[in-house]
Amino acid sequence: MDKNLDLEKLAVAPEELSSDLEGGRPLLVFDLRLKENFARGHVKGSVHAVCDSRAKETIMPKIPRGVRIVLIDEDGSVSSQTAGMMASYGLDAHFLRGGIKSWAGDLVSRDVHMTITPEELWRRMENNEDLVLVDVRQPEEFSDFAIPGSINIPLGDLFNNESLDKIPRGRQVVTVCPHGNRSMVAAFALARNGTEALSLSGGLAGWGQVLSPKTLARDGATVLQVEKVGKGCLSYVIGSGGEALVVDPVYPAEKYIEIARGKGLEITKVIDTHQHADHVSAARDLAGLAGAALYMSRYEQYDFESSRIGDGDVIPVGESSVRAVHTPGHTPGSLSLLLDEKYLFTGDVLFVDGIGRPDLRDRAREFAASLYDTLHGKLLVLPGDTRILPAHRGEQVPRGRGPYHSTIRAAREMEIFRLPRDAFVEKVAGMALPRPMNYEKIIGINRSRARVPVPEVADLEIGPNRCAIATA
Ligand SMILES: [Fe+2]
């Protein structure tokens with residue numbers, strides 16, 4: 001009885017809710033009914049919400065304290081209990097007395113989608129659709145890493161009108177956060193203010209796992225560049241005679257099998273150019289999934305089975321072949337791979353807009369010197385029309401539709417190559433650059449026998465790659 005009395009204190013009369021909504025009072029109105037009933041007719045400004053254990057753990061903790069919440073169900077029975085539970089967590093939760101049945105005002109009947117998948121977001125960005133990305137994390141999180149072009153309005157600020165004015169009217173809004181929880185609350189808050197927003201499901205972690213393949217047409221071997229768009233990692237599928245070699249695969253590994261099949265290719269070989277520090281290599285998993293041979297650099301330490309290759313070794317792919325060139329500098333064991341003496345897969349040694357950073361392993365001076373020798377002695381001396389296909393897009397390269405590539409002739413024009421050896425070493429070793437997030441852990445994983453559950457890969461990899469020094 002006491003409990004019922006307490007819950008009654010949380011009840012809101014229909015007239016009160018109506019005047020709150022009309023008066024623009026900051027509040028969130030959640031409709032807990034079945035989705036089809038919500039779609040048939042709901043209170044304007046309310047959003048459909050499911051109150052299950054997942055929502056309790058993920059969405060509820062992200063709702064700012066002090067924001068008034070009103071729950072609606074069919075008759076007030078479930079919503080009162082839920083409001084009581086939410087209030088016990090410290091939220092300012094209420095319920096519509098008598099539920100939707102007591103609502104005498106108008107109902108609107110439109111099914112509103114509130115989420116967008118990372119793949120769909122990428123598709124719409126590639127089509128240059130007019131989107132506004134609103135990143136609802138705190139400024140310190142935003143300044144570390146964000147989807148290019150997004151604006152930052154922390155979730156708590158979405159409940160005041162001044163912040164809402166920063167969002168251009170009439171454009172599709174997508175809300176973004178690390179895992180899609182805060183962004184969901186943000187989409188609710190915006191819907192309440194008449195802005196239809198889609199929450200990026202899976203958040204930045206999901207965004208980081210989107211793979212986008214682009215074909216580089218060629219006689220003979222087919223080369224596909226696969227971009228991990230959230231990080232700018234580039235990997236490659238080289239196909240010839242029905243078989244394919246994959247270079248530097250990232251997660252999700254199974255995507256390469258789909259991409260290869262789409263071109264009538266079967267993956268028979270997988271290789272990493274070097275021990276990566278910015279992303280978890282999917283080479284082992286892909287080789288396992290595809291039943292393919294796994295190749296790794298002979299000059300690096302790996303605690304698992306693979307065929308080790310080194311300078312001058314040749315891997316046949318159908319009618320084509322790939323020759324390994326030992327190109328130390330970014331890492332001591334880095335390999336570049338030359339396909340039919342025309343296409344050069346440079347890993348993180350040479351990019352479209354710069355050179356690899358040599359300082360990830362705390363011996364910057366020594367690595368910078370070997371990077372100089374590699375670049376001048378082995379790569380820039382190749383024929384000028386040799387096409388450079390790097391393992392990263394590079395942070396200065398404008399995001400376009402890809403593929404991203406350059407030529408040895410164009411690379412020779414980079415200013416940094418005018419420096420004599422000593423000045424080059426001085427300059428490159430002296431550059432203090434932020435390191436990729438979790439890089440020591442990622443190197444450890446890439447070296448060892450241990451496997452990481454795939455959802456953890458996304459979390460480890462949040463953030464940009466930082467393997468490059470831009471010289472443009
Ligand atoms: Fe790297």
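E341 is partly exposed, with a relative accessible area of 43%; buried means under 20%, exposed over 50% and partly exposed in between, using a 1.4 Å probe and protein chains only. The model is predicted, so local features need pLDDT of at least 70 and side-chain atom pairs count only at pLDDT 80 or more, while totals for chains, interfaces and linings use all residues. Residues are numbered from 1 along each chain as its sequence is written, and side-chain values use heavy atoms, with hydrogens and water left out.

**Loops and backbone**
- E341 has a positive phi of about 60 degrees although it is not a glycine, and lies in the loop between β20 (335–339) and β21 (343–347). Strands (E, at least two residues) and helices (H or I, at least four) are DSSP runs numbered from the N terminus.
- D248, also not a glycine, has a positive phi of about 55 degrees.
- D248 is in the loop between β14 and α11 and counts as buried at 2% relative accessibility.
- P252 is found in the loop between β14 (243–247) and α11 (254–262), and the peptide bond from Y251 to P252 is cis, with omega near 0 degrees.

**Helix α5**
- Helix α5 (residues 77–88) has 12 residues and spans 17 Å from its first C-alpha to its last, close to the expected 16 Å; the expected span is 1.5 Å times one less than the number of residues.
- Buried residues in α5 include S79, T82 and M85.
- G90 follows α5 and has a positive phi, near 95 degrees.

**Cysteines**
- With a disulfide defined as a pair of cysteine sulfur atoms within 2.5 Å, the count is zero.
- C177 is buried, with a relative accessible area of 2%.
- C233 counts as buried at 2% relative accessibility.
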